[in-house]
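Biologist: Please take me through this model, and for each label that you attach to a part of it, tell me which criterion stands behind the label.

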Amino acid sequence: MLTHLQIKNLAIIDELALDFGRGFTTLTGETGAGKSILIDAIGLIVGSRADASLVRSGQEKAEVSAEFALVAGGDASAWLKEQELVDEDEPSRCLVRRVVYAEGRTRAFVNGQPVNAGPLRDLGERLIEIFGQSESQTLLRPEVQRGLLDQFGGHGTALDAVREAAREVSDVEKQIERLRTAGSRDPAQLDYLRFQLRELEAMNLGEGEIEQMEAEHRRLANAGRLMQEGNQAQEMLYGAEASLYDQLATASGLLTGLVPLHEGFREALDLAESAQAQVREAADSLSRLLARLDLDPEQLAQLEQRMADIHDLARKHRIRPAELPEKLAALREELGGLEDAAGQMEALEARRTAALKRYREAAAKLGTARRKAAKGFGEQVSAIVRQLGMANAQFLAAVETDAEGRPRSSGDDEVRFDFSANPGQPPRPLAKVASGGELSRVSLAVQVVGQQRSGAATMIFDEVDAGISGGVAEVVGQKLRELGGQQGQVLCVTHLAQVAAQGHRQFAIAKEVKSGQTYTRVRPLADKDRVEELARMQGGVEITAAALNHAKDLLQRAAKA
């Protein structure tokens with residue numbers, strides 16, 4: 001539920017802070033005062049597209065912040081937990097902030113953490129539902145009608161099963177199409193594929209062979225250096241005149257003569273003799289290694305030729321030499337698949353048959369649920385429409401099924417809303433028979449019925465009462481008040497006093513000009529101010545005593561309802 005809204009530098013709003021409560025709240029004011037801007041601000045919070053033109057003239061950015069009280073275990077709470085965006089200090093609260101910059105970029109934050117537009121919309125759908133005048137026209141779209149019926153019927157699980165089954169059918173059919181395309185490949189292309197495979201197999205690359213060849217090449221290519229510098233090192237250690245071994249022997253002899261004179265030289269003597277032994281051992285190790293070195297020039301030439309062949313083959317396939325074994329495996333798989341296309345096609349056809357059967361079963365189950373829900377949906381919408389001034393109205397949700405059509409993620413059904421406003425006239429498609437005023441009332445009734453199953457705790461109606469008046473308007477207000485009590489919170493922008501009077505609370509929105517600048521002001525109305533605002537809404541150059549009395553009567557009737 002929306003508990004607090006703060007706006008700064010948005011259009012003609014310089015700074016505004018509002019607190020909201022449960023039930024039904026109405027927002028009223030003259031045309032152009034800024035009511036729609038308030039709805040735009042809430043739209044930004046729930047992920048609506050931002051427009052730089054919303055930033056107040058002369059300002060760098062606009063900011064909108066909202067605080068929501070969450071229901072434990074509700075959709076919004078679960079989503080925040082899944083996204084790791086819960087406010088650990090106050091898990092029952094959610095803070096959303098949206099910043100729109102004058103140059104066009106935007107930023108959004110949930111509980112202080114930055115989020116992208118997609119996740120913001122996901123969260124917004126769980127927090128607020130906004131129903132504006134445009135929904136009266138979108139109601140005519142078949143996919144919208146189907147979605148409203150599914151929302152009313154709570155068909156989420158059945159829809160998920162249909163979507164999954166349809167996706168499986170689509171995936172199998174794509175594999176079949178790819179196999180057919182591959183099977184129609186030119187024979188010359190298949191011959192070339194076989195040639196490539198034979199060429200790679202003839203190379204007969206062993207596992208780790210490239211690394212071994214590179215190490216062997218380094219050894220053979222540096223044969224001269226290995227022998228020359230190896231022998232030089234061996235002679236320096238032992239054998240040459242003044243070798244390290246001989247020098248250590250001389251030092252040991254000197255130390256041996258000093259030990260009887262001072263026992264402290266004993267440690268140095270031991271270390272010198274140990275070093276002498278290690279030098280001799282190192283010289284012997286070098287001697288044995290040099291004797292074993294096989295530095296055949298012919299072997300180097302053969303190795304270099306094989307390495308050149310491998311690199312040439314890798315360049316031909318535009319890969320690195322180390323990737324040749326993977327290429328060989330891929331070509332074997334591709335050729336094997338092409339040569340076994342008939343067997344694969346048979347297996348895929350069987351998979352498609354099974355997947356299609358699962359889809360038809362899931363779609364039939366969903367269709368049964370839709371037809372069952374359609375009866376109750378039609379009855380409830382008809383009842384509300386009749387209360388809205390069309391006593392003989394009939395509303396039906398017709399479900400037509402094509403069990404032989406292509407699998408779709410929405411199932412095999414088409415949903416159509418049919419309507420009749422007059423007795424003796426059978427219901428016909430809503431788009432063909434409803435006038436503007438009738439469509440507005442039907443839309444409101446559909447929304448009231450459908451939203452009772454919505455997961456959002458807050459609903460906002462933006463001038464959905466257009467085209468109605470009098471007693472019908474009062475009934476609209478009563479329905480919105482009733483919905484606010486059931487759902488938790490309903491906000492409504494209205495020009496009708498009969499609707500505004502039904503609110504548990506009312507905000508007046510007005511425009512003022514100061515120092516050549518236009519500002520929107522919003523204030524909660526106390527009882528006396530509310531009577532005056534309702535009287536103003538009923539029209540007339542001046543507020544008369546009759547208008548004031550009528551306003552009081554509207555409020556009293558709403559309180560007794």
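Biologist: Why is A500 called buried?

Modeller: Buried is the label for a relative accessible area under 20%, against over 50% for exposed and partly exposed in between, with a 1.4 Å probe and protein chains only as cover. The relative accessibility of A500 is 0%, so A500 counts as buried. Please keep in mind that this is a predicted model, in which local features need pLDDT of at least 70 and side-chain atom pairs count only at pLDDT 80 or more, while totals for chains, interfaces and linings use all residues. Residues are numbered from 1 along each chain as its sequence is written, and side-chain values use heavy atoms, with hydrogens and water left out.

Biologist: Which residues does A500 touch, and in which helix does A500 lie?

Modeller: A500 belongs to helix α18, residues 497-500, where helices are DSSP runs of H or I with at least four residues, strands are runs of E with at least two, and both are numbered from the N terminus. Leaving aside residues up to four places away in sequence, A500 touches T26, T28, T494, Q506, R530, L534 and M537, a contact being heavy atoms within 4.5 Å.

Biologist: What makes strand β13 largely enclosed?

Modeller: Strand β13 covers residues 489-493, and five of the five are buried, so the rest of the structure largely encloses it. In a regular strand the side chains alternate between the two faces of the sheet. In β13, Q489, L491 and V493 are buried on one side, and V490 and C492 are buried on the other, which leaves both faces covered.

Biologist: How do you know that β13 pairs with strand β3 and with strand β12?

Modeller: Two strands pair if DSSP finds at least two bridges between them. Strand β3, residues 23-29, is parallel to β13 over five bridges, and T25 stands opposite L491 there. Strand β12, residues 458-462, also runs parallel to β13 and is joined to it by five bridges, with T458 opposite Q489.

Biologist: Why are β9 and β11 said to stand at the edges of their sheet?

Modeller: The open sheet has three strands in the order β9-β10-β11, paired antiparallel. β9 (394-401) and β11 (428-429) each have a single partner strand, so one side of each has no neighbour in the sheet. Between β9 and strand β10, residues 413-420, there are eight bridges, and E400 stands opposite E414.

Biologist: What makes helix α1 largely enclosed?

Modeller: Of its 11 residues, 35-45, nine are buried, so helix α1 is largely enclosed by the rest of the structure. Among the buried ones are K35, I37, L38 and I39. G47, with a positive phi near 100°, follows α1.

Biologist: Why is the protein called more spread out than a compact globule?

Modeller: The protein holds 20 helices and 15 strands. Its radius of gyration is 42 Å, well over the 24 Å that the globule rule gives for 561 residues, so it is more spread out than a compact globule; the radius is taken over C-alpha atoms, and the rule is 2.2 Å times the number of residues to the power 0.38. The C-alpha trace spans about 130 × 80 × 45 Å along its principal axes, and A500 and I310, 190 residues apart in sequence, are 84 Å apart in space, C-alpha to C-alpha. Buried residues make up 42% of the 561.
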